[in-house]
Amino acid sequence: MKALRIVGERQVVVREKADPRPGPNDVIVQMKASAICGSDLHPYRHPRPADLEGDLIPGHEPSGVIAEVGRDVRGWAVGDRVVVYFRRTCGQCLYCRTGHRNVCVNRRSSYGVGADGSDAEYMQVEAPSLMRLPDDMSFVDGAVIACQAGTAYYPLSRLEASGRDVLIVSGLGPVGLLATTFATAMGARVVGIDPSAPRRDLAAKVGAAYVLDPSAGSIVDQLHARYPDGADKLIETSGSNAAHAVIGDLLKPLGRAAIVGLGSSEFKMPLMRLVHRQITLFGTSIYPDTQMDEIWEFVRRHRISLSSVITNYFPLEQGPEAFRMADTATTGKVCFRFE
Ligand SMILES: [Zn+2]
Ligand SMILES: [Zn+2]
């Protein structure tokens with residue numbers, strides 16, 4: 001089969017690899033859509049190829065059909081449409097057993113990081129990692145929800161975003177755009193912040209009430225010109241230290257913020273703001289698979305087009321071009337489509 005390999009120093013190659021075979025508890029998924037994530041760009045930009053795991057197939061946003069079923073697998077059949085929960089969890093710990101699989105304490109890395117991922121024609125998947133793709137949703141919808149739509153929806157549900165809120169989306173990459181779409185459908189007035197003009201335009205298109213450019217002067221002044229009291233809630237997706245520093249100034253007293261972005265290794269904001277304004281902050285990482293039914297129903301009810309966050313499609317053979325495009329950080333999402 002054809003599969004990609006990231007070699008670092010901004011290079012990806014298309015190579016041939018043996019078709020995977022299912023173990024007794026695995027299935028083989030024939031890939032239909034696999035999207036590129038911001039986190040795929042970290043190894044892509046890695047300066048020392050020798051440090052990267054040699055033969056691994058990247059990709060953790062898999063959507064496809066089951067092509068083969070292992071001997072001991074129950075409940076899944078050839079032809080089933082599936083999305084893969086990419087974090088490889090234990091199924092046994094307290095968190096796995098209580099619907100918080102995204103914080104499994106025994107996780108064995110992820111597909112595309114510690115095991116072969118989805119940028120290939122076929123992928124070997126442990127049966128407990130499978131989630132059903134509803135018949136009325138496309139494979140591209142599946143790829144979008146597999147990582148980024150879930151990552152955007154879950155913190156908004158924890159923030160209880162509603163029509164009572166002015167809600168800031170800090171960073172308008174794919175997760176920020178999806179957060180803008182969802183929060184708008186939840187009724188919030190969304191203010192999007194990003195230095196990229198094309199990304200601000202995309203956010204305005206999917207419902208942001210205002211979009212602000214942090215490179216055009218004080219972002220706090222820009223917000224206060226529209227909302228003098230500040231915002232009620234905030235979701236931070238950029239990972240930028242400059243964005244962290246102003247959270248306490250953008251929010252009203254008692255405001256709440258969800259931190260999603262991992263672009264920098266430290267989080268710093270002035271302690272005075274945090275304490276005196278009694279701001280609540282929480283970190284958030286992907287989503288629990290128990291929330292999938294709710295997300296699909298929300299998407300259906302609000303007629304949300306998940307695939308509209310994708311601006312560029314490529315066949316797998318054009319892997320190098322696709323990664324080059326994603327690396328510019330000026331597009332929406334980039335997605336591989338098969339056939
Ligand atoms: Zn992802
Ligand atoms: Zn676990």
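Where is the place of E317? The loop between strand 14 (310-314) and helix 11 (319-327) holds E317. Helices (H or I, at least four residues) and strands (E, at least two) are DSSP runs, numbered from the N terminus. This is a predicted model: local features need pLDDT of at least 70, side-chain atom pairs count only at pLDDT 80 or more, and totals for chains, interfaces and linings use all residues. Residues are numbered from 1 along each chain as its sequence is written, chains are lettered from A and ligands numbered from 1 in the order in which they are written, and side-chain values use heavy atoms, leaving out hydrogens and water.

View 1. E317 is partly exposed, at 44% relative accessibility. Buried means under 20% relative accessible area, exposed over 50%, and partly exposed in between (1.4 Å probe, protein chains only).

View 2. Strand 1 (residues 2-8) and strand 2 (residues 11-16) run antiparallel, joined by six bridges. Two strands pair if DSSP finds at least two bridges between them. R5 faces V13 in strand 2 as its opposite residue. Two residues lie between the strands of this hairpin. In the turn, E9 has a positive phi of about 50°.

**View 3. D40 in its loop.** D40 sits between strand 3 (26-35) and helix 1 (41-44). D40 is buried, with a relative accessible area of 6%. The C-alpha atoms of D40 and H60 are 8.6 Å apart, while 20 residues separate them along the chain.

**View 4. E126 and R108.** The structure holds 19 salt bridges. Each is a side-chain nitrogen of Lys or Arg within 4 Å of a carboxyl oxygen of Asp or Glu. E126 and R108 form one, with their closest N and O atoms 3.0 Å apart. E126 is in strand 6 (residues 122-126), and R108 is in the loop between helix 2 (94-97) and strand 6. R108 is partly exposed, at 35%.

**View 5. R300 and D136.** Here the closest N and O atoms of the salt bridge are 2.7 Å apart. R300 lies in helix 10 (residues 292-301) and D136 in the loop between strand 7 (130-132) and helix 3 (139-159), so the pair ties together parts 164 residues apart in sequence. D136, E297, R300 and R301 are linked in a network of salt bridges.

**View 6. E160 and R256.** Their side chains meet in a salt bridge (3.8 Å, N to O). E160 lies in the loop between helix 3 and strand 8 (166-170), and R256 in strand 12 (residues 251-259). E160 is exposed at 56%; R256 is partly exposed at 23%.
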